Amino acid sequence: MSKKKGLSLEEKRSRMMAIFFETKDVFQLKDIEKIAPKTKGITPMSVKEVLQSLVDDNMVDSERVGTSNYFWSFPSKALHARKRKQEDLEKLHEDGKQRNAALQQAVKKAKEGRQDTEERAALHKELTSLREQREALRAELEKYKECDPEVVEEMREYRAQNRFSTRALRP
C-alpha cells in the first residue's frame with residue numbers, strides 16, 4: 001500500500017512545458033485541462049494555476065481572441081530567452097570586471113602617498129597625542145560645566161518657572 005506523492009510546482013511546470021514543446025501546437029484552456037492529467041500526470045485542479053504561473057513568467061504566451069484564450073510556447077522561444085539571459089549575464093560580468101579594474105586602480109593610486117616613512121610616523125604619533133589631549137580637556141571642561149554662568153542662569157530660570165507654575169495650581 002504505497003501512497004502516491006504529489007508533484008511539486010516546478011515538476012508540474014516542466015511537464016506542462018513539455019506538452020507545449022512536444023506538440024508545438026496552440027491550445028485553449030479546456031484542451032490543456034484534458035491533456036495534462038492524461039499525458040503528464042498533472043492534477044486537473046492545478047492545471048490552471050500552473051499554466052497561469054508559466055504565463056506570468058513569460059514562458060508561455062497567451063492571447064484572447066474573441067471569447068477564447070489561446071496558449072502556446074515553442075522550443076525556439078525558450079532558446080531565444082536563454083540566449084538573451086546569457087547575453088545579459090555576460091554583459092553584467094563584463095561590467096563587474098571593469099568596475100573591479102577601476103577599483104584596483106583607485107586602491108593603487110590611494111596607496112601611492114601612504115608609504116611608511118619616519119615623517120609620517122611622527123605625524124601620526126603627534127595626531128594621536130593631540131586627540132588624547134583634546135579628550136582630556138573636554139573631560140575637564142565637563143567637570144566645570146556646573147560653574148558656567150550660562151548654565152547657572154538656565155537653572156535659575158527653570159526653578160523660577162517651576163515655582164510659579166506650582167503656585168498657580170494651589171488654591
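The structure is a predicted model, in which local features need pLDDT of at least 70 and side-chain atom pairs count only at pLDDT 80 or more, whereas totals for chains, interfaces and linings use all residues. Residues are numbered from 1 along each chain as its sequence is written, and side-chain values use heavy atoms, with hydrogens and water left out.

S73 is located in the loop between β3 (68-72) and α4; helices (H or I, at least four residues) and strands (E, at least two) are DSSP runs numbered from the N terminus. A polar atom of the S73 side chain lies 2.8 Å from the backbone oxygen of M59. Contacts, defined as heavy atoms within 4.5 Å, join S73 to M17, F20, F21, M59 and V60 when residues up to four places away in sequence are not counted.

S73 also belongs to the lining of the largest pocket, together with M17, F21, N58, M59, K77, A78, A81, R82 and R84. The elements that give two or more residues to this lining are α1 (9-23) and α4 (75-111). The largest share, five residues, comes from α4. The space in the largest pocket amounts to about 160 Å³. For this analysis, on a 1 Å grid over the protein atoms alone, a pocket is an open set of points where a 1.4 Å probe fits, with protein on both sides within 12 Å along at least five of seven lines, and lining residues have an atom within 4 Å of a point. Grid points are joined across faces, edges and corners, and the volume is the space filled by probe spheres set on the points. In composition, the lining divides into five nonpolar, two polar and three charged residues. Here Ala, Val, Leu, Ile, Met, Phe, Trp, Tyr, Cys and Pro count as nonpolar, Asp, Glu, Lys and Arg as charged, and the others, Gly among them, as polar.

The largest nonpolar core has 15 residues, and those with the most contacts inside it are M16, F20, I32, L51, V60 and F71. Such a core is a set of buried Ala, Val, Leu, Ile, Met, Phe, Trp, Tyr and Cys residues joined through side-chain atoms within 4.5 Å. At least two residues of this core are supplied by each of α1, α2 (29-40) and α3 (47-56), and the largest share, five residues, comes from α3. In soluble globular proteins, nonpolar side chains tend to be buried together. M16 is in contact with I32, I42, V47, V50, L51 and L54, leaving aside its neighbours within four places in sequence. Within α3, the buried residues are V47, V50, L51, S53, L54 and V55, and the buried residues of this helix pack against α1, α2, β2 and β3.

Just after α3, N58 takes a positive phi of about 60°, although N58 is not a glycine. This residue lies in the loop between α3 and β2 (61-65) and is exposed, with a relative accessible area of 58%. A positive phi, near 50°, is likewise found at K24, a residue other than glycine. K24 is placed in the loop between α1 and β1 and counts as exposed at 52% relative accessibility.

Q28 is found in strand β1 (residues 27-28) and counts as buried at 16% relative accessibility. The Q28 side chain makes polar contacts with the side chains of S68 (3.1 Å) and Y70 (3.3 Å). A polar contact is a pair of N or O atoms within 3.5 Å; within protein, one must be able to donate a hydrogen and the other to accept it, and residues adjacent in sequence count only if both atoms are side-chain atoms. Not counting residues up to four places away in sequence, Q28 touches S68, N69, Y70 and F71.

Two further helices were examined through individual residues. L141, in helix α5 (residues 118-143), is exposed at 62% relative accessibility. The C-alpha atoms of L141 and A102 are separated by 47 Å, with the two residues 39 apart along the chain. P149, in helix α6 (residues 149-169), is exposed at 62% relative accessibility. Between the C-alpha atoms of P149 and M16, 133 residues apart along the chain, the separation is 83 Å.

Notes:
Buried < 20%, exposed > 50% of the residue type's maximum accessible area, 1.4 Å probe, protein only.
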